[in-house]
Amino acid sequence: MGFFSAIADFDQKQFDALDTKAGAASSYSRLRQQEQDARWTSRYLGWHQGDVLRAAIPVYRYRMRSWPDPSYDPGSWGLSGAIGDECSPRDSLMVGGCIDRRTGFHVDEGARTPGELRRLLAEVAKLAADEDLCLVFPYMYLDTKEALDAATNGRIVWAQLEREAHLFGLVDPDWEIKFPAKIRYRLRQDQRTIANVPMTVGKASWDEVDSWASELIAQHSTAKGQEMRPEFVSDRFSTWQDNPDVDLVVFTAEAAGLRGVQTILLWGNELEIYEIGLGGEESKERFALYLNLLFHLPIQYARAHQGIDHIRLGSRSETPKSRRGGVFQELHGGVLSIAETKALARSGS
């Protein structure tokens, strides 16, 4: 057991097999790309038993004074008390991840018992305690949160941050038939709405649409309250395009002078609906474009390509997703205070 400076020190297949719950966002190749971001210092607590990798926990330290993504600021999470306020960028050690608002926890099931996991966490705590840092656990799934609670005797202060929607089991030929009647009716109603609007749809590479899609995605996100600049959108998708293990696919649709774009990421057996850009005012044409881009084109693509069993629908807009079969998984953010981090470090000495 010890700290490593690069993810390349681990076997990729073993690393990815430890936890796939966060998908491409926490995969070996995505975290390897993150190492290139000079704003962050990354290290990994690794534990091998012989040739078997039992754990590889990334930890990140931010070099700047303000958070690059406000959604990672513990002070904005609504944690009880003022604990989030003591975790400024320079006073925090991020455990597991620092981008994409989903965190995998690369510890095998046998090492998630309270005793084994506490031993691992104590090593991370020692690293943090040496510099008076708190431990921050961003966007953890519920099963990981519960394992961390058991290992720390409930000392981590948590808040629920988001709920991620999913569609599972798409390789089943009877996938749609197994939904309740209300959901089947909604999906058929969508198809009628789409069919009633003359629409041109296509599939493209990112390079083919970047010149206009970056602007459209940025405008759409800004209108939804997430201010974004087109050049940042372009850079983000260029990074995904350079990822050797992820395929970036773009759906386009046009109707009545409106244009829309939907990006998807393909990793392993799953399809992730990533970012949408859709202009114009509310209308039946715009609604039809929305339904097709966000739901029906990705579903059709997944079912036409053997092996895609899982669609990530993302967070927010829960009502339309639940009405179309989406099931939700909670994502939680937690903080172990500086004092509790030092106590945990001492317990492992």
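This is a predicted model: local features need pLDDT of at least 70, side-chain atom pairs count only at pLDDT 80 or more; totals for chains, interfaces and linings use all residues.
**Entry 1: G326**

Helices (H or I, at least four residues) and strands (E, at least two) are DSSP runs, numbered from the N terminus.

I start with G326. Where is G326 found? I find G326 in the loop between α9 and β12 (327-336). Is G326 buried or exposed? Buried means under 20% relative accessible area. G326 has 10% relative accessibility, so I log G326 as buried.

Next I list its contacts. I leave aside the neighbours within four places in sequence. G326 is then in contact with H166, L167, L313 and K321. I also check G326 against D73. The two are 253 residues apart along the chain, and their C-alpha atoms are separated by 28 Å.

**Entry 2: G268**

G268 sits in the loop between β9 (258-267) and β10. Exposed means over 50% relative accessible area. G268 has a relative accessible area of 72%, so I log G268 as exposed. The C-alpha atoms of G268 and D247 are separated by 9.7 Å. Along the chain, G268 and D247 are 21 residues apart.

**Entry 3: salt bridges**

I turn to charged pairs. Side chains of opposite charge can pair when their charged atoms come close. How many salt bridges does the count come to? I get 23 salt bridges. I follow up a few of them.

I take D132 and K342 to begin with. Their side chains meet in a salt bridge, at 2.6 Å from N to O. This pair links distant parts of the chain, 210 residues apart. D132 is in the loop between α3 (114-129) and β5 (134-141), and K342 is in helix α10 (residues 338-347). The label partly exposed covers values between the buried and exposed cut-offs. D132 has 40% relative accessibility, so D132 counts as partly exposed. K342 is partly exposed too, with a relative accessible area of 29%.

Now E162 and R316. E162 forms a salt bridge with R316, and the closest N and O atoms are 3.3 Å apart. Here too the pair links distant parts of the chain, 154 residues apart. E162 lies in strand β6 (residues 157-168), while R316 lies in the loop between β11 (310-315) and α9 (318-322). Which end is buried? E162 is buried, because its relative accessible area is 11%. R316 counts as partly exposed, at 38% relative accessibility.

E231 is partly exposed at 36% relative accessible area. R229 is partly exposed at 46%. I also find a network: R102, E164, E270, E272 and R312 are joined by salt bridges that share partners.

**Entry 4: helix α10**

K342 sent me to α10, so I look at the rest of this helix. Which residues of α10 are buried? They are T341, L344 and A345. Seen down the axis of α10, these buried residues fall within an arc of 100°, so they line one face of the helix. On the other side, I find A339 and R346 exposed. What covers the buried residues of α10? The cover includes α3, β5 and β12.

**Entry 5: helix α4**

After α4 comes N153, and its phi is positive, near 55°.

**Entry 6: H296**

H296 lies in helix α8. H296 counts as buried because its relative accessibility is 4%. I leave aside neighbours within four places in sequence, and list its contacts as L187, D190, Q191, I194 and L291.

**Entry 7: the largest pocket**

Last, I look up the largest pocket. Its volume is about 2,000 Å³. How many residues line the largest pocket? I find 49, and R101, Q226, M228, R236 and E275 lie nearest its centre. By class, the lining has 17 nonpolar, eleven polar and 21 charged residues.

Which elements each supply at least two residues of the lining? My list is α2 (28-34), β6, α6 (206-223), α7 (230-242), β10 (270-278), α8 (284-304) and β11.

Technical notes: Residues are numbered from 1 along each chain as its sequence is written. Side-chain values use heavy atoms; hydrogens and water are left out. A salt bridge is a side-chain nitrogen of Lys or Arg within 4 Å of a carboxyl oxygen of Asp or Glu. Buried means under 20% relative accessible area, exposed over 50%, partly exposed in between (1.4 Å probe, protein chains only). Contact means heavy atoms within 4.5 Å. The arc is that of the directions from the helix axis to the C-beta atoms. On a 1 Å grid over the protein atoms alone, a cavity is a set of points where a 1.4 Å probe fits but cannot get out, and a pocket is an open set with protein on both sides within 12 Å along at least five of seven lines; lining residues have an atom within 4 Å of a point. Grid points are joined across faces, edges and corners, and a volume is the space filled by probe spheres set on the points. Ala, Val, Leu, Ile, Met, Phe, Trp, Tyr, Cys and Pro count as nonpolar, Asp, Glu, Lys and Arg as charged, and the others, Gly among them, as polar.
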